[in-house]
Amino acid sequence: MNSTISQALKIARFDLGTSIRTSKAVVTMAVYAGLALLVAAVTTFLQNKLLAEPGVQEGLKTQMDQIQQVISAALGNDTLLANHLVNMPVALMVFFWLTQSFLPLLIAVISSDMLNREIRTKSARFVLLRASRSSLVIGKWLSHTTVFVAAIVLSWVVFLGYLAFNLNGFNLFQSIPLIMKFFGFTLLIGFCYLGLTSLMSSLVDGSGTALLLTIVVLLFLAGLAQSDMFGWASPSHYRYKIWSPRADEILAGVGAYVLFGTLFFAAAWQRFLRRDI
Amino acid sequence: MNPTEQQQSGGIAVQTENLSKAFGNLIAVDRLNLQIPTGSIFGLLGPNGAGKTTTFSMLCGFVKPSSGSATVLGYPLKEFPFHAGRLSALPQDARFNPDRTVLQSMIFLGSLVGLARREAEDQATQLLRAVDLTDAARMKGAHLSHGMSKRFGIAQAFLGRPDLVMLDEPTAGLDPRNAFTVRQMIRALAGTATVVVSSHNLAEVQDLCTHAAIISQGKLVSSGRMDDLTSRNQQVMMTISNLDAAIQARIEAIPGVVGVMAGGNDGELKVMFKTTADQKVEDAVSAIIAGAIAAGASVSGVRRGQDLEQRYLEVT
């Protein structure tokens, strides 16, 4: 086991070095940071403009009950969640919602060649003469996770930095608990969908085909989440649980993402152990 | 007794039992039973599509057998520690990381077999020099020509201290100088490692290998020591310029000769012989040549055994 981990770390370091040299890691981080900056700029502009209108701030205060009712209705009459949400900074909410919605796609685009690239070129054969298949899978996963985490950290820094300097009334330090929570959930969502992408990458050798298949599966899972009978079988079903103010709901959401991520990754691992390279 | 001790005591580096691989309806390897002695340079021969590369791929752990079993260096294939660096290979058609330099890839592969960075770099530099790739050490994998990739593949196969080296078509596509260097590198491993070489170049295999197996349509059709496959110890091929029935009859009567037959070309005579218990093969061959000359034959050429090519053509 020690040997597997040690080999995995060597493979991860080499793969990460390749990502940096080919600018793939840099491009990934630039894309994440660019999107974060775009969201920050748009939400800040809209929020600053809206709040600058005469009487809007007073109106929002007096109409809070109605706003809460609208949000509650949109969330299936979850009054507690609606109350929780109206007290969150809008820009943060929008950013996390967009992250939840589009992070799986970004991960699919960037990591769809995680396992299949070296199988396609057969360069994995040189590694697999000297390292176990498990260490290759773990090494690749570690490398992609490192790039992903770095990109997420950068995107949050860019986003919050922009807000701190440009959004009127935004108190960074007051928002830190919520930011930490959203940041943690983002990593969790990333873990889950990195697992799904690695599974697709272990099943299909062409990276374009793997990307297409991942998108199809993502759409299918989004659709499945709406099903009354089988919604539980999709990670998307649990996306609003992690928004909840209730600890049990959050735990259920966190547990679901961890479970799905682990299942996806375990399936990718098992597939890689059994397939021809 | 652990697998390594078993392997050393048994003297078998690789053993397959009814090893088979099917790709859909195509049976690439069909119940292959092969024994590769420890320390041998073993040639794996066969026509295109015979199943040589698939056999290589199964023994290297790249491809899972459909049925049957194999032991590699004493371990069942499923339990073979591919991470231990005891097996290395030149896989056919495998390409190197296109985005890293030759030297970086070599150092990385060296680190996976436990070499420290400095040691890996030293070994990599030496091996790249041996295959005439010193100038290409800083080139990225994507920019290597076919021949350079092949030489790089050979260099990486010699990294570390492998007990078993499997080379799939190692000299195909190389110029004569590099092919010669590769053969020298393989010879240098004799005694310290078992080397398995797959090749279409029968003369090369005959010259290089101590043992060989011929595979055809996924099945083993012939296997053994090179001397036995080429009948080096049972047969001499003589070219006699004045060959006629009388001379042939006189040669057949030489003590030790058990049979003669005309060879493929004019004046060629295949002479089968048997040595006595206390007689060396070389002495028997000398006696036959001397006897033939005494019988009036004008001997213009003698070759021990038959060409591997002839054997190959007989069985495939």
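Select Leu313(B) and Glu314(B): these exposed residues sit on the face of helix H11(B) turned away from its buried side. Helices (H or I, at least four residues) and strands (E, at least two) are DSSP runs, numbered from the N terminus.

Before moving on, note that this is a predicted model, in which local features need pLDDT of at least 70 and side-chain atom pairs count only at pLDDT 80 or more, while totals for chains, interfaces and linings use all residues. Residues are numbered from 1 along each chain as its sequence is written, and chains are lettered from A and ligands numbered from 1 in the order in which they are written.

**The other side of the helix**

Now pick Leu308(B), Arg311(B) and Tyr312(B), which are buried in H11 (residues 308-315) of chain B. Why do the buried residues of H11(B) line one face of the helix? Seen down the axis, they fall within an arc of 100 degrees, taken from the directions from the helix axis to the C-beta atoms, so they share one face. An α-helix has 3.6 residues a turn, so residues three or four places apart point the same way. The cover over the buried residues of H11(B) includes helix H7 (202-208) and strand S10 (219-225) of chain B.

**The sheet**

Next, follow the open sheet of six strands in chain B, ordered S6-S7-S8-S3-S9-S10 with mixed pairing. Its edge strands are S6 (87-90) and S10 of chain B, each pairing on one side only. Two strands pair if DSSP finds at least two bridges between them. Zoom in on S9(B) and S10(B), which pair in the antiparallel sense over six bridges.

**Two domains**

Colour chain B by domain: domain 1 is 3-225 and domain 2 is 235-315, with bounds from an automatic or database domain assignment. Their C-alpha centres lie 38 Å apart. The contact takes seven residues from domain 1 of chain B and five residues from domain 2 of chain B; two residues are in contact if their C-beta atoms, placed from the backbone, lie within 7 Å. On the domain 1 side, H7(B) gives the largest share, three residues.

**Last stop**

Finish at Leu269(B), in strand S13 (residues 268-273) of chain B. Leu269(B) counts as buried because it has 21 C-beta neighbours inside 10 Å.

How values were computed
Buried ≥ 20, exposed ≤ 12 C-beta atoms within 10 Å, placed from the backbone.
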